[in-house]
Amino acid sequence: MDIHLFSTLSFAILGLLFGSFANVCVHRIPRGESIVSPGSQCPNCHTAIAWYDNIPVLSWLYLGRKCRHCSHPIAWRYPLLELTMGLMWASIVWFYPVQSYDPIFLAQAISLVTLLWILTLIDLETFLLPNALTFPGIVLGLAFAAYFGFFLDSLIGAVAGYGIFWLVARLFLIFTGKEGMGQGDFKLLAMLGAFMGWQALPFIILLSSLTGAIIGSITLILSKKGMRAEIPYGPYLAAAGVIWFFWSAPILHWYQGIFM
Ligand SMILES: [Zn+2]
């Protein structure tokens, strides 16, 4: 078999398996529980899940979307996370072939996308961006930057990312008396700055606040909860970060084209 196809399929399977572990992270990290022990268990009856009932996506299908023991329905989030993780890992390898690129680049891309996807799901469910993920993310981003030779840009990115949002939140609080952003958002922007350098920040802030404002207003109108409804901002930051990570070159090219 073609090596490129083989690596892509291998990473699809690894992604599916990791997605199963990511489900444990999404459920346990915001609850402050250990992600290693005990092993996977039903969130309803807490019966340990046997390995043959823990096969990504397939188990969910053959168990009829229910727990084998208590018949409690298994949320669609579980197979969806496994499937998307497999798809994302496979597409990263497919578009950035291991053999022609530095494997460290592959590790950087996969860890960034994986962290952002887990953070997005946690934020949507709990409105939290746990330090247990953003802090290691910042360290990881700095380490990759040191390897690729842009440590200073990365460090400035982390500090500025945190600082800018901290300042915006301060001003928002002073002028409106309300908390606008969560502390988790500061740390997520710091993580994105660490991974990509400070140069990524203007684009990420602009795109995330724009899409956040538009989609947020639509959600508020549709949900009819009024302005008190909480809107997670993390997913917009994560999406803008991924777009910049993979497509900053064409974006900059397009931007320069406008003024030339
Ligand atoms: Zn159960």
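## Helix α7, an enclosed helix

In this predicted model, helix α7 is largely enclosed by the rest of the structure, because 13 of its 14 residues are buried. The helix covers residues 183-196, and from its first C-alpha to its last it reaches 20 Å, close to the 20 Å expected at 1.5 Å a residue. Following α7 comes Gly-197, a residue whose phi is positive, near 90°.

## Helix α4 and the residue after it

Helix α4 is made up of 24 residues, running over residues 103-126, and at 1.5 Å a residue it should span 34 Å, which agrees with the 34 Å that separates its end C-alpha atoms. The residue that follows α4 is Phe-127, and its phi is also positive, near 60°.

## Phe-203 in helix α8

Phe-203 belongs to helix α8, which takes in residues 201-223. With 18 other C-beta atoms within 10 Å, Phe-203 falls in the partly exposed class, since a residue counts as buried if 20 or more such atoms lie within that distance and as exposed if 12 or fewer do.

Leaving aside residues up to four places away in sequence, Phe-203 touches Ala-240, Trp-244 and Ile-251. Of these contacts, Ala-240 lies 37 residues from Phe-203 in sequence, while the two are 7.6 Å apart in space, C-alpha to C-alpha.

## Ala-249 in helix α9

Ala-249 is placed in helix α9, residues 234-259, and it is exposed, because 8 other C-beta atoms lie within 10 Å. Between Ala-249 and Ala-90 there are 159 residues of separation along the chain, and their C-alpha atoms are separated by 22 Å.

Definitions and conventions
Residues are numbered from 1 along each chain as its sequence is written. This is a predicted model: local features need pLDDT of at least 70, side-chain atom pairs count only at pLDDT 80 or more; totals for chains, interfaces and linings use all residues. Helices (H or I, at least four residues) and strands (E, at least two) are DSSP runs, numbered from the N terminus. The expected span of a helix is 1.5 Å times one less than its number of residues. Two residues are in contact if their C-beta atoms, placed from the backbone, lie within 7 Å.
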